[in-house]
Amino acid sequence: MYRMAILSMLTTDQSLDVSKLVCFLLLLEPKKLKLQDPSSFQIVVGDITPHENFTKEEKHRLEQEAMNNFVHTMLHNSPAAQRIEALWREYEAGETPEAKFVKGVQL
């Protein structure tokens, strides 16, 4: 996702909020982390490929669980955590031009 975040900074589409594009792409990584203890993390939801036969619902459930863990357990539902969660929900809804752009970049 880091490389895609860098590439999104090169867009010439002036109607897009580039900082939001970068945030979306960088936020796709923390959903993979699960707190085991204060000093270590474990990958929970890696890149799920079609070959793994996860249903769309199961994939979404795993991602939601990981994001909840990140926002509420790791970041203690701080104001920053709430901003992160709002950005993630905007990305997941896929309705804004920035969310559509990032979903397209991931293909």
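Let me start with a definition: a residue is buried if its relative accessible area is under 20%, exposed if over 50%, and partly exposed in between, using a 1.4 Å probe and protein chains only. Hold on to that, please.

Now, the source of what I'm showing you: this is a predicted model, where local features need pLDDT of at least 70 and side-chain atom pairs count only at pLDDT 80 or more, while totals for chains, interfaces and linings use all residues. Residues are numbered from 1 along each chain as its sequence is written, and side-chain values use heavy atoms, with hydrogens and water left out.

First, the overall picture. The chain comes to 5 helices and 2 strands, and from the N terminus on the order is α-α-β-β-α-α-α. Helices here are DSSP runs of H or I with at least four residues, strands are runs of E with at least two, and both are numbered from the N terminus. The chain has 107 residues, and 33% of them are buried.

Let's look at the loop between H3 and H4, where we find His76. Is His76 buried or exposed? Its relative accessibility is 63%, so His76 counts as exposed. Asn77 is found in that loop too, and with a relative accessible area of 32% Asn77 is partly exposed. Most residues other than glycine have a negative phi. His76, though, is not a glycine and has a positive phi of about 55°, and Asn77, also not a glycine, has a positive phi of about 50°.

On to helix H4, residues 79–93, which holds Arg89. Arg89 is partly exposed, at 42% relative accessible area. What does Glu85 touch, leaving out residues up to four places away in sequence? The answer is Asn68, Val71 and His72, where contact means heavy atoms within 4.5 Å.

Next, how do the helices pack? The axes of H4 and H5 come within 8 Å and cross at roughly 70°. These axes are lines fitted to C-alpha atoms, for helices over the stretch in contact, with angles from 0 to 180 degrees between N-to-C directions. For the angle words, under 35 degrees is roughly parallel, over 145 roughly antiparallel, 65 to 115 roughly perpendicular, and the rest oblique. Glu90, Tyr91 and Glu92 in H4 meet Ala99, Val102 and Lys103 in H5.

Helix H2, residues 18–27, and helix H5, residues 97–105, have axes that come within 9 Å and cross at roughly 50°, and these two are therefore oblique to each other. In this pair, Lys20, Leu21, Phe24 and Leu25 of H2 meet Glu98, Ala99, Phe101 and Val102 of H5.

Finally, the core. In soluble globular proteins, nonpolar side chains tend to be buried together. The largest nonpolar core here has 19 residues, and those with the most contacts inside it are Phe24, Met67, Phe70 and Val102. By nonpolar core I mean a set of buried Ala, Val, Leu, Ile, Met, Phe, Trp, Tyr and Cys residues joined through side-chain atoms within 4.5 Å. Val102 touches Leu21, Phe24, Leu25 and Tyr91, again not counting residues up to four places away in sequence.
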